[in-house]
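I opened my notebook to keep a record of what I looked up, one place at a time. Each entry gives what I asked and what I read off.

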Amino acid sequence: MPLLSVCDLSAAFDTEDGEVTVVDRVSFEIDPGETLGLVGESGCGKSVTALSIMGLLPKPAGRVVGGTVGFRDESLNDLPAERLRAFRGNRIAMIFQEPMTALNPVQRVGRQLAEAYALHAPSAGAAAVRSRVLELLEQVGIPAPDRRMAEYPHQLSGGMRQRVMIAMALASRPDLLIADEPTTALDVTIQAQILELLRDLQTETGMAILFITHDLGVIAELCSRVVVMYAGRIAEQATARALFAAPRHPYTKGLLASIPRLEGEPKTVLTTIPGTVPGVGELPAGCRFANRCPHGVDVCRERAPPLEGVAVGHDVACHRWRVVEAA
Amino acid sequence: MTSYFIRRFMLIVPTFIGVTILVFAVTRLVPGGPIERMLQEAAMAGADVGAATTSFGGGASALSDEQIDELKAYYGFDKPVVLGYLEWLSKVVQLDLGTSTRYSEPVWDTIKDRFPISIFYGITTLILTYGVCIPLGIVKAIRHKTTFDNLTSAVVFFGYAIPGYVVAIALLTAFAGNLGWFPLSGFVSDDFDDLGTLEKIWDVTHHAVLPLMAYTAGSFAVTTMLMKNSLMDNLAAEYVRTAIAKGMAFRQAVFMHAFRNSLIPIATSFGSNITLILTGSFLIEQIFNIDGFGLLGWESLVERDYPVVMGILVISSLLFMIGNILSDICVALVDPRVKFGSGETSQ
């Protein structure tokens, strides 16, 4: 039984032009202990998907308009706010892109950590909370934790802050960690450290991770399976191995081709995908990638392609994947 | 941080000298003064005695030149501005504010009598303003764009748009004049000294209702809207989302996380309220005939009672400067990122 099953999830936002669906019938599953990568360009709906799972869409502008989110045998989107709170931070934890703004600037990090733990362990005494905070800080590799816990977020470096965020997420030993671009705001060297930390923590605790990123390199390093999103829809999903070895969707192919490679000829033109992602107000009726797709034909512009099985565990939403493959 | 505040306190001295020099010079430069006022009074007294009394030469002066010189010497107007100022300053340093030309009693005594009244109104206004604005701002932020929010906005801006003295006159006419629910004027009743403790409290409260309404009507808008907007900014901040992602209830997140952050802009203006406590509003004091600081300042200006004007200036400018330092302390208290003067940069 999967840990998390997202089924036909749709989310919409109120804009000046009316309600706009930014996540359109997205489905995927995460097994216990697995790492699933959710990849796509900025604005493709990755973060909104994550926030929808947590019930954290900004109110009143955003809302889930369809589909279900199942966690084990509970359906999260039917739960009253109070019951949902028992999951947030407890069974499902989340870390965010900007560790600076995600921490309260006027509270000591120790207190923010203690809060995360105490919320789900109301019977824990002050001493127990303190020792758990120290343990967590140690677990995420923060030196001199007893001194660090008395500091404010601005006294820590970006990497340290993200470690604090991770420690906070781990406080109640969650089954699933949703990591929304946790390394995007960090230096490359720090990025590597944080990824390594996440991998180690996963081995240690056995939690599943939903890793949201636009960086395919990070996916390759961390994830066992990948969901590729484009303009609010799933374009392709497969195991990381299959996706990198044999991408089927023209968008995935384009993304992979856009990565500069060390073994390539130096100082050649970087491959890019021409055009831009359609804005939320101007989504085409058919395949949303049609206007940028080198293989686009009439049917692509008229009808949205359904997800089709390519192989076991490999689905693609493209009318022409067979043709493209044969070419 | 301590050295920063020591430096700030030391800076009071030159600022104080600058402010007082300026006002002292103005009192010397503008036409009219205590002597002219006395001449006027003497002339009027002379006119009362008998219109037949002939005045000296062409000048309508009731006093001889020698008498005028004597008066000038008495008030220190015979010396050049700089010397006069230094003399005044050396007295101020010895805590002697001089003698009121109007009441012929020490300035300090004149001012001292008004303190309890002004402090009573000032502190009550302060408590009312913050006591109403902060909770109101919080509720408005949480219920943004609801009927409650729109209605209260209309009310606070209505109060803000109408000058306090107009509110005062309207209240006075309606509730004291026509309905007779409240006394017309004064701080306490004439028989105040004969009343028991409870009756005294009632009497002061009864007299204070209308003036306090007039004082506070205009002051709600700024602080309420500041609180509302600042809290809304913080509610949209990512750390509130983090708190909710941790499993906190929204309401809890508001008070545990967003609240303190949204007090930062409020704290910056807190210290300057200390001056408002004393200066009050002379127009409202005039309307309700409350013998406070504002009224005293106004009257002493009109009557050219310069020692009192300077005395009030000394006290209010000192309070203003201390208030600014107090604001800094408040900000440092609510925002740990603020470090004064240590040269340490924080983001």
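**Ground rules.** I note that this is a predicted model, in which local features need pLDDT of at least 70 and side-chain atom pairs count only at pLDDT 80 or more, while totals for chains, interfaces and linings use all residues. Residues are numbered from 1 along each chain as its sequence is written, chains are lettered from A and ligands numbered from 1 in the order in which they are written, and side-chain values use heavy atoms, with hydrogens and water left out.

**Helices 1 and 4 of chain B.** Helices and strands here are DSSP runs numbered from the N terminus (helices H or I, at least four residues; strands E, at least two). The axes of helix 1 (residues 2-29) and helix 4 (residues 81-93) of chain B come within 10 Å and cross at roughly 130 degrees; axes are lines fitted to C-alpha atoms, for helices over the stretch in contact, and angles run from 0 to 180 degrees between N-to-C directions. I therefore wrote the two helices down as oblique to each other, since angles under 35 degrees count as roughly parallel, over 145 as roughly antiparallel, 65 to 115 as roughly perpendicular and the rest as oblique. Among the residues of helix 1 of chain B that meet helix 4 of chain B are Phe16(B), Phe24(B) and Arg28(B), and those on the helix 4 side include Tyr85(B) and Trp88(B); contact means heavy atoms within 4.5 Å. The residues of this contact divide into 10 nonpolar, two polar and one charged, where Ala, Val, Leu, Ile, Met, Phe, Trp, Tyr, Cys and Pro count as nonpolar, Asp, Glu, Lys and Arg as charged, and the others, Gly among them, as polar.

**Helices 9 and 11 of chain B.** The axes of helix 9 (residues 220-235) and helix 11 (residues 250-262) of chain B come within 9 Å and cross at roughly 115 degrees. The contact is made by residues including Met227(B) and Leu231(B) of helix 9 and Phe250(B) and Phe259(B) of helix 11, and its residues divide into seven nonpolar, four polar and no charged.

**Where the chains meet.** I found that the contact takes 22 residues from chain B and 27 residues from chain A. The area buried between them is about 2,200 Å², of which carbon and sulfur atoms give 58%; buried area is the accessible area (1.4 Å probe) that two parts lose on being put together, summed over both. Arg241(B), Ala245(B) and Lys246(B) supply 27% of the area that chain B buries against chain A, more than any other three residues.

**Single residues.** Leaving aside neighbours within four places in sequence, the contacts of Leu170(A) include Leu136(A), Val140(A) and Met207(A).

Leu95(B) has a positive phi of about 65 degrees although it is not a glycine, and I read it as exposed because its relative accessible area is 76%.

How values were computed: Buried < 20%, exposed > 50% of the residue type's maximum accessible area, 1.4 Å probe, protein only.
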